[in-house]
Amino acid sequence: QVHLGESGGGLAHVGGSLKLSCVVSGTISSIAIMGWYRQAPGKQREFVAHTTRGNNIRIAESVRGRFTISRDAAKNMVELQMNTLEPEDTALYYCYATVATTNYDYVPYWGQGTQVTVSS
């Protein structure tokens, strides 16, 4: 059993900041990728950012330069620091991780989502 616990969502004004955190718990042998997707009303779920166990980082063009992602492997935790927030950042943000359990196959797991709302 694997659980992704998300926190840090909330309300921010344009130009403000929020930090999202995600902790993976349960039966874990290894975690390869940890990151974030988001989905706004009426839109497709889109990639935001991720980091790998090799410390490679990928950030979506739409948030590059404003968002940063970091990982604490020892704590099975990933954080998304969101700065200079825009109304277009309003969405339900989902943590995801590829996790190997007892069979050592990496499979994706998703959090239930944390709401980020940006208003003027």
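## Salt bridges

Counting through this predicted model gives six salt bridges. Side chains of opposite charge can pair when their charged atoms come close.

Let's start with aspartate 89, which is buried at 0% relative accessibility. Its side chain meets that of arginine 38 in a salt bridge, 3.0 Å from N to O. Aspartate 89 lies in the loop between β8 (77-82) and β9 (91-100) while arginine 38 is in strand β4, so this pair ties together parts 51 residues apart in sequence. Arginine 38 is buried too, with a relative accessible area of 5%.

Aspartate 89 also forms a salt bridge with arginine 66, at 2.8 Å from N to O. Arginine 66 counts as buried, at 12% relative accessibility. A network of salt bridges links Arg38, Glu46, Arg66, Glu86 and Asp89.

Now look at aspartate 72 and lysine 75, whose side chains meet in a salt bridge at 4.0 Å, N to O. Aspartate 72 is partly exposed at 27%, and lysine 75 is exposed at 55% relative accessibility.

## Aromatic rings

The whole structure holds four aromatic pairs. In one of them, the rings of tyrosine 37 and tryptophan 110 have centres 5.2 Å apart and planes at 65°, so the pair is edge-to-face. Tyrosine 37 belongs to strand β4 (residues 30-39) and tryptophan 110 to strand β10 (residues 106-110), 73 residues apart. Tyr37, Phe47, Tyr96 and Trp110 form one aromatic cluster.

## Charges over rings

Rings and charges meet here as well. The charged end of arginine 58 sits over the ring of phenylalanine 47, 4.1 Å from its centre. Arginine 45 has its charged end over the ring of tyrosine 94, 3.9 Å from the ring centre.

Key. Residues numbered from 1 in each chain as written. Predicted model: local features only at pLDDT ≥ 70, side-chain atom pairs only at ≥ 80, totals over all residues. Heavy atoms only, no water. Phe/Tyr/Trp six-rings, centres within 6.5 Å; stacked < 30°, edge-to-face > 60°. Helix = DSSP H or I, 4+ residues; strand = E, 2+ residues; numbered from the N terminus. Lys NZ or Arg CZ within 6 Å of the ring centre and 35° of its normal. Buried < 20%, exposed > 50% of the residue type's maximum accessible area, 1.4 Å probe, protein only.
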